[in-house]
Amino acid sequence: MRRPIVLVPACVNQIGAHPYHTAQLKYVAAVADGAHCAPLIIPALGAATDIEALLAVADGVMLTGSPSNVHAGLYGEALLDPSLPLDPARDATMLPLIRAAIQRGIPLLAICRGFQEMNVALGGTLHQAVHDVEGMADHREKKEHTLERQYAPAHRVLLEPGGRLAQILGGATGIMVNSLHGQGINRLAPTLAVEARADDGLVEAYRVEDAIGFTLAVQWHPEWRLSENPDSIKLFSAFGEACTEYQHHR
């Protein structure tokens with residue numbers, strides 16, 4: 001039996017004189033080693049993407065993090081800081097793909113940018129600068145720190161009692177997570193249900209409430225040093241099991 005195929009989005013990045021489709025190793029490795037699935041990186045082709053062809057072979061979708069932000073125009077706002085990186089090709093590729101995957105009941109796990117992307121795809125909005133919102137903490141990493149310090153546990157999140165994430169994590173009420181984001185959930189999309197919040201009230205995890213299949217999104221980075229984090233192992237194992245089940249019953 002082949003491994004379930006999980007679609008992993010590529011970002012568009014300029015490397016030297018040429019633009020490239022890129023996907024970070026840690027995300028691809030998390031799909032292969034944590035979920036025990038076969039990652040398939042898909043290019044950011046926008047309107048030229050054949051979504052039906054991709055979803056016909058997909059047993060899961062994992063939305064990755066990225067230095068880029070979802071364009072504010074997609075949720076009806078002007079850009080507050082045009083100097084921050086954007087990736088309109090990824091936006092144009094993934095927002096319709098997210099909606100189609102959920103409609104089909106394909107398991108979906110979203111991380112960081114993917115967490116924000118999915119909320120926007122379903123009609124939600126974002127804080128473009130969480131640290132400038134009264135009462136909110138600064139959730140950004142310090143760029144001058146080493147990667148080990150940037151990805152170290154930064155704050156706790158409180159899990160919704162009886163929620164899907166709490167069940168996956170064995171009934172935990174709260175966990176420590178890393179924090180490397182400047183933007184975050186403002187208005188949650190109507191079809192989403194909160195799974196976890198930070199102490200300042202910011203939504204840190206959610207699910208699609210009436211989804212046919214597995215759909216979870218987290219603002220932190222469970223893919224980082226996955227094998228060293230029992231909570232991350234449980235999350236990716238649950239995602240992989242959902243992909244295997246979808247493969248068996250598709």
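## Cysteines

The sulfur of Cys 37 lies 4.4 Å from that of Cys 243, the closest cysteine sulfur, and this is too far for a bond. A disulfide is a pair of cysteine sulfur atoms within 2.5 Å, and the structure holds zero disulfides. Cys 37 is buried at a relative accessible area of 1%, where buried means under 20% relative accessible area with a 1.4 Å probe and protein chains only.

## Basis of the model

This is a predicted model, in which local features need pLDDT of at least 70 and side-chain atom pairs count only at pLDDT 80 or more, while totals for chains, interfaces and linings use all residues. Residues are numbered from 1 along each chain as its sequence is written, and side-chain values use heavy atoms, with hydrogens and water left out.

## The sheet

Strand 8 (residues 155–159) pairs with strand 11 (residues 192–198) in the antiparallel sense over three bridges, and Leu 158 stands opposite Arg 197 in strand 11.

## His 181

His 181 is found in the loop between strand 9 (174–177) and strand 10 (184–185), and it counts as buried because its relative accessibility is 3%. Beyond its neighbours within four places in sequence, His 181 is in contact (heavy atoms within 4.5 Å) with residues including Cys 112, His 139 and Glu 204.

Methods:
Helices (H or I, at least four residues) and strands (E, at least two) are DSSP runs, numbered from the N terminus. Buried means under 20% relative accessible area, exposed over 50%, partly exposed in between (1.4 Å probe, protein chains only). Two strands pair if DSSP finds at least two bridges between them.
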